[in-house]
Amino acid sequence: MSQRWIVPVIMLFMIAILVVKSCRDQRKAKELLRVNEQLLNENRDLKNSLTLSNRTAEQIAGRKDMQVQAQATFVDRREYFRKNWKQYISLNTGDYKTGFLGGIKNLEITLRNQTEYPVDNAVVMVEYVRGNGDVFKSEPYTIHNIPAKGVQTVHASNSRKGTKVNIRLISVTSQAMNFCWSHDKKVMPGDQDPWACVAAAKPLPQ
């Protein structure tokens, strides 16, 4: 080989080496880019999964808090109406007729329930009173199924004597309100909720 071909051959050999090295570097770079992109995608998916899990946990916790608050409100409202029932349960008569010489006709008794719970039964005592103030006769009446925020009326019997009537409640029962009141029920000293049908469970001693 002549001397003038040595230099070009060496140059071609070096160029070939550089080309091979460049190809290897490009392949490594592509592989690194692919691995990095895969890691980024996995990190993004993991982040999204954690975010969704956190939101779900927050929603569950929020629902539980709302349920607890609703339950507490429900119990508190029932207790409130039990303790203040006289402000929300009232009794009255219609415009009954009295005879010239006495006697009661067309007597209606209406119970008004302004609580948020239905009343199952209310027992009413009706007294027919003479002109001198003596009670001619007394009759009990039971009023059933008084709806929440509603009224219920019963018709009382006529009386051949009497110039007016007195009415008073004897008992009121509402299972929905856990309310059991009666005029002769004895209240224990210190009982903060005496008209509850079923007393609230006391917390166990620590």
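# A guided tour of the predicted model

The protein chain has one helix and nine strands, where helices (H or I, at least four residues) and strands (E, at least two) are DSSP runs numbered from the N terminus. This is a predicted model in which local features need pLDDT of at least 70 and side-chain atom pairs count only at pLDDT 80 or more, whereas totals for chains, interfaces and linings use all residues. Residues are numbered from 1 along each chain as its sequence is written, and side-chain values use heavy atoms, with hydrogens and water left out.

**The whole chain.** Colour the chain by secondary structure, and from the N terminus on the elements run α-β-β-β-β-β-β-β-β-β. Of the 206 residues, 22% count as buried; buried means under 20% relative accessible area, exposed over 50%, and partly exposed in between, with a 1.4 Å probe and protein chains only. Among contacts (heavy atoms within 4.5 Å) between residues at least 6 apart in sequence, 59% join residues at least 24 apart.

**The three-stranded sheet.** Select β1, β4 and β7, which form an open sheet in the order β1-β4-β7 with antiparallel pairing; two strands pair if DSSP finds at least two bridges between them. The edge strands, each of which pairs on one side only, are β1 (89–93) and β7 (150–155), and the twist averages 20° from one strand to the next, an angle between N-to-C directions that runs from 0 to 180 degrees and is taken from axes fitted as lines to C-alpha atoms. Between β1 and strand β4 (residues 108–113) the antiparallel pairing extends over five bridges, and Ile89 can be picked out opposite Asn113 in β4.

**The nonpolar core.** Show side chains for Ile89, Ile109, Val126, Tyr128, Leu169, Val172 and Phe179, which have the most contacts inside the largest nonpolar core, a set of 25 residues. Such a core is made of buried Ala, Val, Leu, Ile, Met, Phe, Trp, Tyr and Cys residues joined through side-chain atoms within 4.5 Å. The elements that give two or more residues to this core are β4, β5, β6, β8 and β9, and the largest share, five residues, comes from β5. In soluble globular proteins, nonpolar side chains tend to be buried together. Centre the view on Val126, whose contacts, not counting residues up to four places away in sequence, are Leu107, Ile109, Lys137, Ser138, Glu139, Tyr141, Val165, Asn166 and Ile167.

**The disulfide.** A search of the whole structure finds one disulfide, defined as a pair of cysteine sulfur atoms within 2.5 Å. Select Cys180 and Cys197, which are joined at an S to S distance of 1.9 Å; with 95° about the S-S bond, the link is right-handed. Cys180 lies in strand β9 and Cys197 in the segment after β9, so the pair ties together parts that are 17 residues apart in sequence. Cys180 is partly exposed, with a relative accessible area of 22%, and Cys197 also counts as partly exposed, at 26% relative accessibility.

**Asn178.** End at Asn178, in the loop between β8 (164–174) and β9 (179–182), where the residue has a positive phi of about 55° although it is not a glycine. Asn178 counts as buried, at 12% relative accessibility. Its side chain reaches the backbone nitrogen of Val198 at 2.9 Å, a polar contact, meaning a pair of N or O atoms within 3.5 Å of which, within protein, one must be able to donate a hydrogen and the other to accept it, while residues adjacent in sequence count only if both atoms are side-chain atoms. Leaving aside residues up to four places away in sequence, Asn178 touches Arg78, Arg82, Trp195, Ala196, Cys197 and Val198.
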